[in-house]
Amino acid sequence: MRKSTAFFIFITANLAVMAALYIHSLTAVSKHPVFKKEIKEIAEKLRLTDLVLSTDARYTRHPSQADLFSAFQDFPGSIEHFPTGSVIPPPDFSYMRTEIRIYGN
Amino acid sequence: MAINKHKNILDYTLQSLLRRKFKNTGIILVFTFIIFAVSSIILLSYSLKKEAGMLLKYSPEIIVQKILAGRHELISTKIKNEIMGIPGVSKVEPRYWGYYYDSGVRANYTIIGIGVSGIENNRLIKGRMPSANEKNAAAIGREIADARIIKKDIGDSLNLQNSEGRWMEFKIVGIFESDSEILTADLIIISESAFKSLVGMPEDTATDLAVRVANETEIPTAARKIKELFPYSRPILRDEVIRTYDAVFGWRSGLILAMFAGALAAFIILAWDKATGLSAEEKQEIGILKAIGWETSDILEMKFWEGLVISLTSFMCGLILAYLHIFLLDGFLFAPALKGWSVIYPHFNLAPFIDFYQIAILMAITVLPYIASTIIPSWKASITDPDTVMRG
C-alpha cells in the first residue's frame with residue numbers, strides 16, 4: 001500500500017473516532033442528570049448557591065459567598081495555603097483608575 | 001494527474017519523515033501531549049461552567065449577608081419585613097447553614113437547617129428529608145455516607161458535637177443519590193431547630209437571607225434598595241454567583257492560565273526550534289531535490305505536508321485522548337488539582353459539553369503556526385542556489 005493511502009486511512013479513522021465521540025457527547029448530554037428537574041428542584045428548594053468542587057476551605061467550597069479578601073483570611077499578606085486556591089482567580093480589577101462618584105443623602 | 005503528483009509528494013514526505021523516525025516520533029509525542037493537556041482543560045472547564053450556569057440559575061435571586069468588620073456575620077431575621085416592603089420582592093427566607101469539621105475523618109461538611117423542604121418526592125433522594133420540627137433526623141450527601149469510617153446508610157446514626165461539646169445523635173433518614181453529587185456531596189440537611197441547637201445560633205438570627213424577586217429586571221434595583229436600607233449588608237446577586245463560576249472556568253481562569261501557560265511555553269520552544277533553522281541534513285536534502293529538478297513550489301508543498309502530517313496527527317490524537325480522559329475516565333489527572341486537601345469531593349460525572357469555538361481556536365494557534373514554522377525556513381533554503389545549500 002502507498003504510504004499516502006495509509007496516511008489518509010489513518011486520518012479518516014481519526015475523523016471517524018471523533019465523529020463517534022461527538023455522537024457520544026450528544027447522547028450523554030441528553031441523558032445527563034443536570035437536565036433532570038429533580039436536581040434543579042434541589043438547587044431551588046434548598047437555596048444552594050455553589051457547586052461542590054472542593055471542600056478544603058470555606059472560600060473554595062462557596063466561592064460566591066466568600067469574604068472579598070477571603071483567600072488571605074488569616075492576616076493581610078499571608079500566603080495562600082490551600083492548593084485549590086490557585087484555581088480560583090483573583091477578582092476583576094478592571095474598574096481601577098475609573099472615577100467613582102459618591103452621592104450623599 | 002494533478003492529484004497523483006500531490007500523492008507522490010506526500011509519499012516522499014512520509015518516507016522522509018520515517019527516515020528520521022525517532023526525532024519525528026518525539027515531536028509528535030510532545031505535540032500530542034500539549035494538545036491533550038490544553039484540550040483537557042478546555043473540555044473540563046467548559047463542562048463545569050455550563051453545569052454551574054444551568055444549576056445555579058435556580059438559586060435565589062439575591063442573598064443578603066451581614067458584614068461586620070469586613071467579615072460575614074449572622075444577620076437579624078427581623079429585617080425580613082422591611083425587605084418584603086421593597087417593590088418587586090416576592091419572598092424573603094432566612095438560610096441557616098454553616099460548616100462542620102469532623103475531626104474523625106478530617107473532613108468539612110456543609111450543614112443546612114431547613115423548615116419545610118418542599119422536595120419530599122424527589123427521586124434523587126433515597127429515603128426522605130427531615131421534617132420541619134424533627135430534632136434528630138438528617139439527610140446526607142452520598143460522599144458523607146462513604147467518608148465516615150463505617151459506611152452509613154438509611155437507619156444508621158450520625159453523631160455531631162454541638163457548640164457546648166455535647167454529642168447530638170441524628171438518625172439518617174435520607175441519602176442524596178449520586179446523580180446530584182455536584183450539588184450535594186458534602187451536605188447534611190437537618191431541621192432548622194436542630195441546626196440552631198447544634199451550632200448555638202441565637203434566636204432571630206440566620207446565616208443570611210434569600211430574597212426572591214419575581215421580575216428579573218428588578219433584581220439590581222431591589223439589591224440597591226436593600227443596600228440603602230441596610231448599609232452593613234452585602235447583597236450577592238445570582239448573576240454574580242454565576243459570574244464567579246464563569247471566572248473560575250473562563251479563559252482567564254487560574255486553572256487554564258496556570259496549565260495553559262506552561263503548555264504554550266513548551267509549544268513555543270518547539271516551534272521556535274523549528275523556525276530558527278533547518279538541520280544540515282534537511283538543507284542538504286532540499287539542495288539535492290532542487291538539483292534533480294524539483295521546483296521551489298514542490299519543496300514548499302513537501303514541507304507543507306510535513307507540517308500537516310505532524311500537527312494534524314498530534315492534534316487529532318491529543319483531542320481524542322483529552323475527551324477520553326475528561327468524560328470517560330473522569331478527568332483523573334486534573335481532578336486532584338480541584339480536590340486539593342478536600343476529604344469530601346464529588347466523583348465527577350461531567351456532561352460532555354463541547355465548545356467548538358474553543359477547539360477551533362486551539363487548532364488555529366497550534367496547527368497553523370506549526371505548518372508555518374515548517375514552511376518558512378524551507379522556503380529560505382529552497383530559493384537559494386542548490387550548490388550553496390548542499391555545501392551548507
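Start with two helices in chain B: α2(B) passes α8(B) in a right-handed crossing. A crossing is right-handed if the near helix is turned clockwise from the far one by less than a right angle, and left-handed if anticlockwise. Helices here are DSSP runs of H or I with at least four residues, strands are runs of E with at least two, and both are numbered from the N terminus.

A word on the source. This is a predicted model, where local features need pLDDT of at least 70, side-chain atom pairs count only at pLDDT 80 or more, and totals for chains, interfaces and linings use all residues. Residues are numbered from 1 along each chain as its sequence is written, chains are lettered from A and ligands numbered from 1 in the order in which they are written, and side-chain values use heavy atoms, with hydrogens and water left out.

Back to that pair. Helix α2 of chain B covers residues 21-56, and its angle to α8(B) is about 165 degrees, with the axes 9 Å apart. Axes are lines fitted to C-alpha atoms, for helices over the stretch in contact, and angles run from 0 to 180 degrees between N-to-C directions. So α2(B) and α8(B) are roughly antiparallel. The cut-offs: under 35 degrees is roughly parallel, over 145 roughly antiparallel, 65 to 115 roughly perpendicular, and the rest oblique.

Who touches whom? From α2(B), B:Lys49, B:Ala52, B:Gly53 and B:Leu56 meet B:Arg238, B:Val241, B:Ile242, B:Tyr245 and B:Asp246 of α8(B). Contact means heavy atoms within 4.5 Å. By class, this contact of α2(B) with α8(B) has five nonpolar, one polar and three charged residues. Nonpolar is Ala, Val, Leu, Ile, Met, Phe, Trp, Tyr, Cys and Pro; charged is Asp, Glu, Lys and Arg; the others, Gly among them, are polar.

Next pair. Helix α1 (residues 2-19) and helix α11 (residues 296-328) of chain B pack at about 60 degrees, axes 9 Å apart. That angle makes α1(B) oblique to α11(B). Their crossing is right-handed. The contact of α1(B) with α11(B) divides into nine nonpolar, two polar and four charged residues. Among those in α1(B) are B:Ile9 and B:Leu10; α11(B) contributes residues including B:Met302 and B:Trp305.

Now helix α7 of chain B, residues 219-229. Which of its residues are buried? B:Ile219, B:Ala222, B:Ala223 and B:Ile226. Buried means under 20% relative accessible area, exposed over 50%, partly exposed in between, with a 1.4 Å probe and protein chains only. They cover an arc of only 100 degrees around the axis, so they sit on the same side of α7(B). The arc is that of the directions from the helix axis to the C-beta atoms. Partners of these buried residues include β4 (89-102) and α8 (238-248) of chain B.

Two loop residues to check. B:Asp204 is not a glycine, yet has a positive phi of about 60 degrees. B:Asp204 lies between α6 and β11 of chain B, and is partly exposed at 38% relative accessible area. B:Asp330 has a positive phi of about 55 degrees, again without being a glycine. B:Asp330 is in the loop between α11 and α12 of chain B, partly exposed at 37%.

Last, the chains. Chain B has 14 helices and 13 strands, and 52% of its 392 residues are buried. Chain A has three helices and zero strands, with 42% of 105 residues buried.
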